[in-house]
Amino acid sequence: MSSYRSLFRTPEFTPLFLGSAAQTAAQTVGGLALATLVFRATGSPLLSAVSMFGPSLAQVLGATVLLSGADRLPPRTALSAIALAFAAGTAVQALPGLPVGAVFAVVLVLGLVASLGGGVRWGLLNEVLDNGGYLPGRSLFNMMSGLMQIAGFATGGALLAALSPRVCLLLAAALYLAAALVLRLGLTARRPRTAGRPSAAATWRTNALLWSSRPRRLTYLGLWLPNGLVVGCESLYVSYAPHAAGTLFACGALGMFAGDVTVGRLLPPAVRRRLATPLLLLLATPYLVFCAHPPLPVAAVCATVASAGFGASLVQQERLMELTPDELAGQALGLHSAGMLTLQGVSATLAGAVAQLTSPAAGMTALAAGSVCVTLALATAARRSPRPRREPAPAEAH
């Protein structure tokens with residue numbers, strides 16, 4: 001396995017890493033600011049949760065019509081354009097007097113744009129880090145994401161105490177612009193991995209191929225459902241602790257960082273492959289404590305411990321790559337990313353609706369229980385599946 005230090009000696013890894021770090025910081029600061037802005041304007045846990053995780057809801061549409069572009073567009077151009085689109089959309093959300101309906105329209109448009117980003121980014125990472133380097137590379141990206149979220153939520157909370165949410169949104173837009181600049185200047189002009197124009201028909205054909213394998217289906221469901229339901233729990237931090245949501249988000253990011261370090265670097269492959277289900281159970285069970293309405297210190301510990309379970313996604317992505325032809329890696333990873341974010345958005349909406357009718361603590365408890373049940377059901381189905389094999393790519397994908 002490649003060392004983390006050696007990854008930065010790989011051409012193009014560093015600008016891709018730095019550009020993604022800037023985007024993560026922008027998303028963290030901007031998401032917290034937007035959720036706070038909407039909650040102050042409406043007092044609604046549902047609208048607050050959807051504003052922060054709403055872009056994920058549009059991912060399902062993008063996954064059905066745009067995802068073929070993950071392997072059919074030049075990566076540098078696509079990634080730079082996506083960062084610029086987010087800069088513009090975030091700046092629009094900061095406009096004074098913008099109606100809440102218009103805010104959510106921008107949220108959905110940005111989600112549609114983002115549906116392509118995961119496939120392009122992770123497909124390029126898989127291409128840059130060949131010879132088994134994807135897992136440590138993705139581990140390092142996840143660690144970076146955790147650190148940026150810790151810093152972003154802590155900084156965002158401090159900024160919101162001193163500045164208005166709209167000013168924080170403008171700062172997030174500036175970070176997106178910086179990301180676009182780094183990606184444009186740092187990446188080389190690579191050709192698309194697959195010939196042909198992006199189209200809805202090509203997206204459907206490849207998605208159907210990816211979904212046709214039972215082992216891949218179960219892997220996708222394991223990547224999407226338990227994770228998404230737990231993110232629904234996280235979406236209620238703002239309404240559960242309006243003045244300390246940044247602390248809970250930062251604690252969750254710290255736990256995610258610890259889980260990624262452990263799974264990505266410390267565990268040998270033989271042990272790592274057996275830990276997907278235990279990690280997914282760890283991801284959900286601490287949130288069951290919220291049925292007792294714990295005080296902030298206990299809630300922060302639960303968020304930290306639970307988020308270590310996000311390390312399960314590294315194990316599952318490694319399995320997905322073992323089951324997928326290299327020519328389809330971008331769309332396969334894009335389908336994972338789009339599906340995961342879609343389920344996160346759906347779960348955030350569901351959690352907000354439950355919290356609206358009951359309480360934020362009840363919403364967290366209900367979604368955590370659902371995540372535990374789904375994890376156990378998928379583990380049972382996987383044990384009954386035949387031994388998987390890697391399939392060749394279709395001729396039209398070359």
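Glycine 330 is buried, with a relative accessible area of 0%. This residue belongs to helix H18 of a predicted model. The chain has a mean pLDDT of 87, and 94% of its residues reach 70 or more. Over residues 394-398, however, the pLDDT is below 50, and this stretch has nine contacts in the model beyond near neighbours in sequence.

- Leaving aside residues up to four places away in sequence, glycine 330 touches Ala70, Asp71, Gly119, Gly123 and Arg193.
- Glycine 330 and serine 313 are 17 residues apart along the chain, and their C-alpha atoms are separated by 17 Å.
- Threonine 324 sits in the loop that joins helix H17 (312-322) to helix H18 (329-357).
- Threonine 324 has a relative accessibility of 1%, so this residue counts as buried, the cut-off being under 20%.
- The side chain of threonine 324 reaches the backbone oxygen of leucine 320, at 2.7 Å.

**Proline 226 in helix H11**

- Helix H11 covers residues 214-234, and proline 226 lies in it.
- Proline 226 counts as buried because its relative accessibility is 0%.
- Its contacts, not counting residues up to four places away in sequence, are Leu221, Leu280, Leu283, Ser371, Val374, Thr375 and Leu378.
- From the C-alpha atom of proline 226 to that of serine 164 the separation is 35 Å, and the two residues are 62 places apart along the chain.

**Partly exposed positions in helices**

- Alanine 366 is part of helix H19, which runs over residues 360-383.
- With 40% relative accessibility, alanine 366 counts as partly exposed, because the value falls between the cut-offs of 20% and 50%.
- Alanine 366 and tyrosine 287 are 79 residues apart along the chain, while their C-alpha atoms are separated by 9.1 Å.
- Leucine 61 is in helix H4, residues 59-65.
- The relative accessible area of leucine 61 is 47%, so this residue is partly exposed.
- Leucine 61 is one of the residues of a nonpolar patch on the surface, formed by Val60, Leu61, Val65 and Leu66.
- Together, the residues of this patch have about 300 Å² of accessible area.

**Positive phi angles in loops**

- Glutamate 12 is not a glycine, yet its phi is positive, at about 80°.
- Glutamate 12 is located in the loop between helix H1 (4-7) and helix H2 (13-42).
- Its relative accessibility is 10%, and glutamate 12 therefore counts as buried.
- Histidine 293 is not a glycine either, and has a positive phi of about 50°.
- The loop that holds histidine 293 lies between helix H15 (276-284) and helix H16 (296-307).
- Histidine 293 counts as partly exposed because its relative accessibility is 48%.

How values were computed:
Residues are numbered from 1 along each chain as its sequence is written. Side-chain values use heavy atoms; hydrogens and water are left out. pLDDT is the predictor's confidence in each residue, from 0 to 100. Contact means heavy atoms within 4.5 Å. Helices (H or I, at least four residues) and strands (E, at least two) are DSSP runs, numbered from the N terminus. Buried means under 20% relative accessible area, exposed over 50%, partly exposed in between (1.4 Å probe, protein chains only). A polar contact is a pair of N or O atoms within 3.5 Å; within protein, one must be able to donate a hydrogen and the other to accept it, and residues adjacent in sequence count only if both atoms are side-chain atoms. Patches are made of residues with over 30% relative accessible area and no salt bridge: like charges are joined within 9 Å, nonpolar side chains (Val, Leu, Ile, Met, Phe, Trp, Tyr) within 5 Å. Accessible areas come from the Shrake-Rupley method with a 1.4 Å probe; for residues, only the protein chains shown count as cover. A salt bridge is a side-chain nitrogen of Lys or Arg within 4 Å of a carboxyl oxygen of Asp or Glu.
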